[in-house]
Amino acid sequence: MAIDTIGLVGTGAMGSGIIEVASKAEVAVVAYDINAAAIEAGKARVEGSLDKAVARGKLDETGRDQAATKITWTTDLADMRGCQLAIEAAPEILDLKLDIFKQLDGILPEGAIMATNTSSIPIIDIAMGTNRPEQVCGMHFFNPATVMRLVEVISTQRTDAAVAQAAAGFASDVLGKRVVHCKDRAGFVVNALLVPFLCQAIAMFETGHASAEDIDEAMKLGAGHPMGPLALCDMIGLDVMLWTAESLYDEYNERFLAPPPLLRRMVSAGHLGRKTGKGFYDY
């Protein structure tokens, strides 16, 4: 099945980035969210980002206008009935994702691919909530999707190999991303390596070993990282960090994977990083 129309469930920071990438690649996108306010916020994100691309010389005005015409904004999930691929980018809540996939199962045409952008929930748990788990896979984009080139394509025990290949081909050949394939294990490739490192940086800060600024400066200058680990946590979102760390700990039951107490306290306090204006740094 050729993929020329996709559905995108969730128009937050991650979803809006994927919407923009697809629309600039001349793919028709049906963008869904739960209400008009959420849709307006998502639309503002995409249009604002497209305007910035024009201002920076990355896109001309014609390209911006053409991209905008590729997007259909909707609060009715049934509008995805003509999509060959649906990507879910909703919050990391299993029951919410299960509800979305059950609805998509009854809406999407036969042969359509259902993909989740989850970074922490076992994909097989989502897939088994449908009547066609063979057509469910993971397509894990990285934030900001407009800049980050990687997509992890994840296969469960039930994913048809042709489905994974089709998802990977769409990500690489149409969206221009680099794809890595991996199995359905907590953290996949990137987060399984990255999140324990970031949690160690949080633990180091929590014990007073060094300041946030010095930890970040040390890793930038001493390890060649473009961004320090605590600043990166703030960019990812400390709530997302906590979800992912908990998923890794639940899967492997290794003590070093347990989220640091400070991370839990900061999330409870609503200090989630850039998106709330306060994390390890003030914004």
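With which residue does Arg-264 form a salt bridge, and how far apart are the closest N and O atoms?

Reply: Arg-264 forms a salt bridge with Glu-246, and the closest N and O atoms are 2.7 Å apart. Arg-264 lies in helix α11 (residues 261-268) and Glu-246 in helix α10 (residues 238-252), so this pair ties together parts that are 18 residues apart in sequence. Both side chains are partly exposed, Arg-264 with a relative accessible area of 33% and Glu-246 with one of 25%. The model is a predicted one, in which local features need pLDDT of at least 70 and side-chain atom pairs count only at pLDDT 80 or more, while totals for chains, interfaces and linings use all residues. Residues are numbered from 1 along each chain as its sequence is written, and side-chain values use heavy atoms, with hydrogens and water left out.

A salt bridge is a side-chain nitrogen of Lys or Arg within 4 Å of a carboxyl oxygen of Asp or Glu. Buried means under 20% relative accessible area, exposed over 50%, and partly exposed in between (1.4 Å probe, protein chains only). Helices (H or I, at least four residues) and strands (E, at least two) are DSSP runs, numbered from the N terminus.

A search of the whole structure finds eleven salt bridges. Salt bridges with shared partners join Asp-51, Arg-64 and Asp-65 into one network. In helix α8 (residues 212-223), Lys-220 and Glu-217 are three residues apart, about one turn of the helix, and their side chains meet in a salt bridge at 3.7 Å, N to O. Lys-220 is partly exposed at 34%, and Glu-217 is partly exposed at 37%. In helix α1 (residues 13-24), Lys-24 and Glu-20 are four residues apart, again about one turn, with a salt bridge of 3.2 Å, N to O. Here Lys-24 counts as partly exposed at 35% relative accessibility, whereas Glu-20 counts as buried at 3%.

Helix α1 also holds Ser-23, which is buried at 2% relative accessibility. Leaving aside neighbours within four places in sequence, Ser-23 is in contact (heavy atoms within 4.5 Å) with Val-29, Ala-67, Lys-70 and Ile-71. Four of the five residues of strand β2 (residues 28-32) are buried, so this strand is largely enclosed by the rest of the structure. Strand β1 (residues 5-9) pairs with β2 in the parallel sense over five bridges, pairing being called when DSSP finds at least two bridges between two strands. The chain crosses from β1 through α1 to β2 in a right-handed β-α-β crossover; that is, with the strands pointing away from the viewer, the path from the first strand over the helix to the second runs clockwise. Four bridges join β2 to strand β3 (residues 71-74) in a parallel run, where Val-30 stands opposite Thr-72.

A search for aromatic pairs (Phe, Tyr and Trp rings, the last by its six-membered ring, with centres within 6.5 Å; planes under 30 degrees apart stacked, over 60 edge-to-face, the rest tilted) finds one in the whole structure. The rings of Phe-205 and Phe-280 have centres 5.7 Å apart and planes at 85°, so the pair is edge-to-face. Phe-205 lies in helix α7 (residues 190-206) and Phe-280 in the segment after α11, so the pair ties together parts that are 75 residues apart in sequence. Phe-205 is partly exposed at 29%, while Phe-280 is buried at 11%.
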